[in-house]
Amino acid sequence: MDSDCSYHYTDNFLIDPYEEELKKEKRRRKEMEKMKQHSDMVGFVADGQYGISRRCPCGGSIKHDVSLSPKFKHDFNTQPGSRYFTCTKFKDDGLHFRQPWVFGVEQEIEKLVMKVEEQSKTIEEMQKQIQIQAEEIAKLKT
């Protein structure tokens, strides 16, 4: 073989440099996937603490649960029939999400009220703009 060849020997095997690059790229992709999963989990933790939860920090889905009696030490309401948003993989180990239904619904209503107020302000501004444009059109017609 001549000296310009990009192939080289390792332990009596001929190694293709493109194959090495592919392996490196696969490792990079796996690392990026792990970083994305970690980022998603951080997002689940942040989102899970406000409003009606969509996902548990573990990545599990949330179900609507009715507790007939206080099973866990952190059950908020000890009356029978307490409702919770609970991870489908819930264990009382602090790694899964369980939120009293009342808190989640109350926070969700607060978010919706804020959105309605924002939309109301936007509609008022648009109505003012329409009124101004209607007046300008009326002036141009005369």
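Rings of Phe, Tyr and Trp (its six-membered ring) form a pair if their centres lie within 6.5 Å, with planes under 30 degrees apart counted as stacked, over 60 as edge-to-face and the rest as tilted. Select the aromatic side chains to begin: by this rule, the count is zero aromatic pairs.

This is a predicted model, so local features need pLDDT of at least 70 and side-chain atom pairs count only at pLDDT 80 or more, while totals for chains, interfaces and linings use all residues. Side-chain values use heavy atoms, without hydrogens and water, and residues are numbered from 1 along each chain as its sequence is written.

Next, colour by pLDDT, the predictor's confidence in each residue, from 0 to 100. The chain's mean is 78, and 72% of its residues reach 70 or more.

Glu 108 counts as buried because its relative accessibility is 13% (buried is under 20% relative accessible area, 1.4 Å probe, protein chains only). Leaving aside neighbours within four places in sequence, Glu 108 contacts (heavy atoms within 4.5 Å) Gly 51, Ile 52 and Arg 54.

Now show Trp 101: Arg 83 lies over its face, 4.3 Å from the ring centre (the rule asks for NZ of Lys or CZ of Arg within 6 Å of the centre and within 35 degrees of the ring normal).

How values were computed
Buried < 20%, exposed > 50% of the residue type's maximum accessible area, 1.4 Å probe, protein only.
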